[in-house]
Amino acid sequence: MARRIGVLLSGRGSNFEALAESCAAGRIPGAEIAVVISNQDGAPGIVRAQARGIPARVLQSKGLQREVYDRQVAAVLQEYKVDLVCLAGYMRLLSRWFVAQFPQRILNIHPSLLPAFPGLEAQRQALEHGVKWTGCTVHFVDENLDAGPIVAQAAVAVRDDDTPDALTARILTEEHRIYTEAVRMVLDGRFNIAGRRVMTS
Ligand code: GRF
């Protein structure tokens, strides 16, 4: 696969920054972040992209029907000839139409060991449930929330004295590590998918 990555985000952008850093450092050989798109005006991730000299766009989603908005996003991704779409704290479900434009070419990172604790505040959900281990997951994206085939996971132990913030910080370190590994594997085409199982080849 060619190696132009488009990042969609809504907020802080630390996973974007980790991917950008990995591209710059050669940990994802030959890859580059071609464009960053945010649905939120003022997202810190957009400022981070601009600081790195990476093209950054804000496309306001408010009031737009899902597919109408997604067509605008896809047009920008196509303008930048993006091969792989990485969601990085992107707080919107994608339409079936959008998913069909990029078959096996959309990844997401989620701060739990899916299928446990999908949705918002996964770290808080894990603490409240009382699990001893949680972590993060990189998965292919379909039109359902946090649901596509799993590419990579990392486990993080929950400590007795954990707070949501402390747990979130330890998970985030693992997110940054496995997102790079997953993107590299997918761009290298080193995988097969059988049912829901993604296997390295
Ligand atoms: C991360 O925890 C990611 O797993 C989740 O949203 C958060 C985004 O953080 N999907 P950041 O914007 O990448 O710093």
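Me: How does H5 pass H6, left-handed or right-handed?
Reply: In this predicted model, helix H5 passes helix H6 in a right-handed crossing. H5 covers residues 122–129 and H6 covers residues 164–187, and their axes come within 9 Å and cross at roughly 120°.

Me: Let's move on to H1. At what angle do H1 and H6 cross?
Reply: The axes of H1 and H6 cross at roughly 50° and come within 9 Å, and that makes H1 oblique to H6. The crossing in which H1 passes H6 is right-handed.

Me: Who meets whom there?
Reply: From H1, the residues are Ser14, Asn15, Ala18, Leu19 and Ser22, and in H6 they meet Leu172, Glu175, His176, Tyr179, Thr180 and Val183. The contact of H1 with H6 divides into five nonpolar, five polar and one charged residue.

Me: And what about H1 with H2, how far apart are the axes?
Reply: Helix H1, residues 14–24, and helix H2, residues 44–51, have their axes 9 Å apart and pack at an angle of about 20°, and H1 and H2 are therefore roughly parallel to each other. H1 passes H2 in a right-handed crossing.

Me: Which residues of H1 are involved this time?
Reply: Ser14, Phe16 and Glu17 are the ones in H1, and they meet Gly45, Arg48 and Ala49 in H2. By class, that contact has two nonpolar, two polar and two charged residues.

Me: Changing topic: what surrounds the ligand?
Reply: The ligand is surrounded by Arg12, Gly13, Ser14, Asn15, Gly89, Ile109, His110, Pro111 and Glu175. Among them, Ser14, Asn15 and Glu175 also belong to the contact between H1 and H6.

Me: How far are the polar atoms of Gly13, and of the others, from the ligand?
Reply: An oxygen atom of the ligand is 2.7 Å from a polar backbone atom of Gly13, and a ligand oxygen atom is 2.8 Å from a polar backbone atom of Asn15. For Glu175, a polar side-chain atom lies 2.7 Å from an oxygen atom of the ligand.

Me: Now the backbone. Which residues does a cis peptide bond join?
Reply: A cis peptide bond joins Leu114 and Pro115, with omega at about 15°, and Pro115 is placed in the loop between strand E5, residues 106–110, and H5. For context, most peptide bonds are trans, and most residues other than glycine have a negative phi.

Me: Where is Lys81 found?
Reply: Lys81 is found in the loop between helix H3, residues 66–79, and strand E4, residues 84–87.

Key: Residues numbered from 1 in each chain as written. Predicted model: local features only at pLDDT ≥ 70, side-chain atom pairs only at ≥ 80, totals over all residues. Heavy atoms only, no water. Axes fitted to C-alpha atoms, helices over the stretch in contact; angles between N-to-C directions. Helix = DSSP H or I, 4+ residues; strand = E, 2+ residues; numbered from the N terminus. Parallel < 35°, antiparallel > 145°, perpendicular 65-115°, else oblique. Left-handed = near helix turned anticlockwise from the far one by under 90°. Contact = heavy atoms within 4.5 Å. Nonpolar A, V, L, I, M, F, W, Y, C, P; charged D, E, K, R; others polar. Near = heavy atom within 4 Å. Polar contact = N/O pair within 3.5 Å; in protein donor to acceptor, adjacent residues only side chain to side chain.
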